[in-house]
Amino acid sequence: IGIIITIPSSGINAEYGENTLQEPHLVMFYAPWCGHCKALYPTWYEVGNKLSRHPITVARIDATVYRTAAEKYNVRGFPTIRLIGRDRTLDYVGDRTTKALTDFALKGSRPLLPIVASPGKLRDIRRSDDVVFLSLGTSENTRSCLELVAAQVVHEAIIAKVTNSDVVKVDPKSTSKRVNDRTTLRSDLSASKSPAVLVLKDSNVYEYAGNPEECLLLVDWIKSERFAAFQVGSYPIIHPLLFLKYAIVFYYGKDKARVQELKDVSAQRQLLSGDFYFIHVDQAEYIENLISAFADVDSIIIYDPENEQYAYTHDPSKSIRECVKEYSSGKAVLYGGTGFIAGTKKVLYRLASNVLPMFYDHPFIMGIVIIIPIGLILLCCCDETRSKDDPIRQVRSSQSHMELLFSENNDQKNKDKVEGENEEKDEDKENEKE
């Protein structure tokens, strides 16, 4: 369909504000004054050209004009990118590149719960996705739950329904296994029971240990497993992991051998006690903003999003697996948290990392913004204190007080005089009457 640069004004609020769109629309909500929006325009044209052969409309909407649509889709900043249509609305939080936006639109607009009736179909799905969930023998109630969660994670992972026993066999002795090549995966998949849900990722196959008919727990597991175990960290990658229950193992540094070690450990998750994600970051800001502390290069940080505690290791002689096992056994020293002391340390870190560098870079401006107002406040306080101890002001205050007393005495004398004159007049009048 291509790109629609300006949505026609007729029917815009009805189209995007009230009705549910059947065909997918990749929409950028923008404001004319937004610099980031203007910088995204060339990429947006390229995305429209890439998607011109697909049934996806690429559009942009001025949120300052079409406010009904902006309010419906909860637009709070610019640019805001949403994939709307086919009974789903997906938020985009990734890199603003042509490839990333195109992949997001294509994956987000595909059908939910595709049918896998042959090993060939499974191979096709595995080529397009790093994470694939397979369900077999599930009830209609579970299918509804799977459709619900699939609409939320369809752009990140695919959930498919197996209808052929040649694709996944039921074997009570089945356990998690390693698959060497996802593109040549054939009929060697098995589940220990039916109904069952499997996840294929990181060249491994894992089976959901709970009851697939308990929908809430199944949905929670799918959301927690929807990412590859090993990833190269950036904000769009790290941010969604912070809302999961899995701990995150970070390696901060550029040592290739250490990065490979992290990747190898991520592929052997079944040997570890607990569930983890493994992230390689080569920029300090990602990890330091997360733990609110300064980190050394070539360090291992294991972070728990639930309680905001972390274990920190800067020992090249200690392997990553040893660090993880030490953390899992409860022997690792933990830092951070959500208490008062941890909160105070976070505030001090933010002051040290944000405010102090501004003093070094812009001392004059920071002096105007911070030092001068503080100086004026101190000057006013000192002036108020000095006024209480200043002898000259005390004399002036005493003089004013004496003048006030003198004025009051004069007023009293005048009053007495007037009263005396009135009494004399009254006496004269009485004498005349006599």
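Tutor: Start with a cut-off: buried means under 20% relative accessible area, and exposed means over 50%. Keep in mind that this model is predicted.

Student: Why does cysteine 323 count as buried?

Tutor: Its relative accessibility is 4%. The cut-off is under 20%. So cysteine 323 counts as buried.

Student: What makes cysteine 37 buried?

Tutor: Cysteine 37 has a relative accessible area of 0%. That falls under 20%, so the term applies.

Student: Which residues of helix H11 are buried?

Tutor: In H11, residues 320-328, they are Ile320, Cys323, Val324 and Tyr327.

Student: How do you know that the buried residues of H11 line one face of the helix?

Tutor: Look down the axis of H11: the buried residues fall within an arc of 95 degrees, so they line one face. The background is simple. An α-helix has 3.6 residues a turn, so residues three or four places apart point the same way.

Student: What covers the buried residues of H11?

Tutor: The cover includes helix H9 (256-266) and strands S15 (247-252), S16 (276-281), S17 (299-304), S18 (309-313) and S19 (334-336). After H11 comes glycine 330, with a positive phi near 80 degrees.

Student: Why is the pair of cysteine 145 and cysteine 215 called a disulfide?

Tutor: Their sulfur atoms are 2.5 Å apart. The definition asks for sulfur atoms within 2.5 Å, so the pair qualifies. The structure holds one disulfide.

Student: What makes the disulfide of cysteine 145 and cysteine 215 right-handed?

Tutor: The torsion about the S-S bond is about 95 degrees, so the disulfide is right-handed. Cysteine 145 lies in helix H6 and cysteine 215 in helix H7 (residues 215-225), so the pair ties together parts 70 residues apart in sequence.

Student: Are cysteine 145 and cysteine 215 buried or exposed?

Tutor: Cysteine 145 has a relative accessible area of 15%, and cysteine 215 has 10%. Each value is under 20%, so each cysteine is buried.

Student: What makes asparagine 74 partly exposed?

Tutor: Its relative accessible area is 43%. Buried is under 20% and exposed is over 50%, so 43% lies in between. Asparagine 74 sits in the loop between H3 and S4. Its phi is positive, about 55 degrees, although it is not a glycine.

Student: What is the phi of serine 292?

Tutor: Serine 292 has a positive phi of about 55 degrees, and it is not a glycine. Its loop runs between helix H10 (284-291) and S17. At 9% relative accessibility, serine 292 counts as buried. As a rule, most residues other than glycine have a negative phi, and most peptide bonds are trans.

Student: How do you know that the bond from phenylalanine 78 to proline 79 is cis?

Tutor: Omega is near -10 degrees there. Proline 79 is in the loop between helix H3 (67-72) and strand S4 (80-85). The bond from serine 194 to proline 195 is also cis, with omega near 10 degrees.

Student: Which residues line the largest cavity?

Tutor: The lining consists of Pro111, Leu112, Leu113, Pro114, Ala150, Val154, Ala157, Ile158 and Ile159. The volume of the largest cavity is about 40 Å³.

Student: What makes the lining of the largest cavity nonpolar?

Tutor: Pro, Leu, Ala, Val and Ile count as nonpolar. The lining divides into nine nonpolar, no polar and no charged residues.

Student: How do the residues of the lining of the largest pocket divide?

Tutor: They divide into 14 nonpolar, nine polar and 14 charged. The space in the largest pocket is about 1,200 Å³. Helix H4 gives the largest share of the lining, five residues.

Definitions and conventions:
Residues numbered from 1 in each chain as written. Predicted model: local features only at pLDDT ≥ 70, side-chain atom pairs only at ≥ 80, totals over all residues. Heavy atoms only, no water. 1 Å grid on protein atoms, 1.4 Å probe; cavity = no way out; pocket = protein on both sides within 12 Å on 5 of 7 lines; lining within 4 Å. Points joined across faces, edges and corners; volume = space filled by probe spheres on them. Helix = DSSP H or I, 4+ residues; strand = E, 2+ residues; numbered from the N terminus. Buried < 20%, exposed > 50% of the residue type's maximum accessible area, 1.4 Å probe, protein only. Arc of directions from axis to C-beta. Contact = heavy atoms within 4.5 Å.
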